[in-house]
Amino acid sequence: MASTTSGDVLPTGGRIFTTMPDMCFIPEFVFGGLVWILVASTRITQENPLGWVMFVSVFCFVVTTLWFFIFLCGANQSSIWPSLDVGYHFVAVVFYLSASVALAYVTLMNATLLARFPSEELLKIYRLDISAVVMSYIATLLYFLHAIFSALRWKRS
C-alpha cells in the first residue's frame, strides 16, 4: 500500500515557479527587500520601534532566500517539509503584521510631527515611511497567501 509522501506534494527545481504558494517567493523577496531598504533610509529616533521592523524584514528576507534555495535544489522531500513550510510562513505573517502595525504607528507619529514642524526633511521621511507601510502590508498579504496555500498543500499530503 503506497502512501502519499511530500515528494508528491512539494515542488522542486523549476516547478516552484509554477505552483501557487511557491510563486509568492519572488514577490516576497521584492516587497520584503523594499521594506528593508525604505526603513533603512529613514531617520530612527531612540524611542522608535523601527528596530523590530528592520529585524523582521531582514529575518524574513534571509530565511525566505534559504527556503527558496532549499526548494529550488530539491532538498525539501522529507515528510516534515510541508509542516515546516506552513509553520515558517505563519510565523512570517505574525512577524510582518506586527511590524506593519508598528511601522504604521511610526508613520502616524511622523505625520503629527510634520504638522507641527513642517520641513523638507520631515516630509521626505514621512513619504518614505508611507511607502514602507504600503510595502510592508503587501509583504504581509503575500506571506499570508503563501501560508494559506501551504496549509492547504500540507493538508493534502
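Is Asp 85 buried or exposed, and at what relative accessibility? In this predicted model, Asp 85 counts as buried, at 0% relative accessibility. The views below begin with this residue.

Figure 1. Asp 85 is placed in helix H4, which spans residues 81–116. Because its relative accessibility is 0%, under the 20% limit, the residue is classed as buried. Apart from residues up to four places away in sequence, Asp 85 touches Trp 67, Phe 71, His 146, Ser 150 and Arg 153.

**Figure 2. The polar contact of Ser 150 with Asp 85.** Ser 150 belongs to helix H5, residues 120–156, whereas Asp 85 lies in helix H4. The two side chains form a polar contact of 2.8 Å. Ser 150 is likewise buried, with a relative accessible area of 1%. When residues up to four places away in sequence are set aside, Ser 150 touches Pro 21, Asp 85, Val 86 and His 89.

**Figure 3. The largest nonpolar core and Tyr 143.** This core has 32 residues. Val 39, Val 53, Cys 60, Tyr 88, Tyr 96, Leu 103 and Tyr 143 are those with the most contacts inside it. At least two core residues come from each of helix H2 (25–40), helix H3 (50–73), H4 and H5. In soluble globular proteins, nonpolar side chains tend to be buried together. Beyond its neighbours within four places in sequence, Tyr 143 is in contact with Glu 28, Cys 60, Thr 64, Tyr 88, His 89, Ala 92, Val 93 and Tyr 96.

**Figure 4. The aromatic pair of Phe 25 and Phe 71.** The whole structure holds 16 aromatic pairs. The ring centres of Phe 25 and Phe 71 are 5.7 Å apart and the planes meet at 70 degrees, so this pair is edge-to-face. Since Phe 25 lies in helix H2 and Phe 71 in helix H3, the pair ties together parts that are 46 residues apart in sequence. Both residues are buried. They also belong to one aromatic cluster, whose members include Trp 67, Tyr 88, Tyr 96 and Tyr 143.

**Figure 5. Confidence along the protein.** The mean pLDDT is 85, and 92% of the residues reach 70 or more. Helix H4 has the highest confidence, with a mean of 92, and helix H1 (residues 20–23) the lowest, with a mean of 79. Over residues 1–7 the pLDDT is below 50, and this stretch has nine contacts in the model beyond near neighbours in sequence. Where pLDDT is low, the predicted coordinates should not be read in detail.

Definitions and conventions:
Residues numbered from 1 in each chain as written. Predicted model: local features only at pLDDT ≥ 70, side-chain atom pairs only at ≥ 80, totals over all residues. Heavy atoms only, no water. pLDDT = per-residue confidence, 0-100. Helix = DSSP H or I, 4+ residues; strand = E, 2+ residues; numbered from the N terminus. Contact = heavy atoms within 4.5 Å. Buried < 20%, exposed > 50% of the residue type's maximum accessible area, 1.4 Å probe, protein only. Polar contact = N/O pair within 3.5 Å; in protein donor to acceptor, adjacent residues only side chain to side chain. Core = buried A, V, L, I, M, F, W, Y, C linked by side-chain atoms within 4.5 Å. Phe/Tyr/Trp six-rings, centres within 6.5 Å; stacked < 30°, edge-to-face > 60°.
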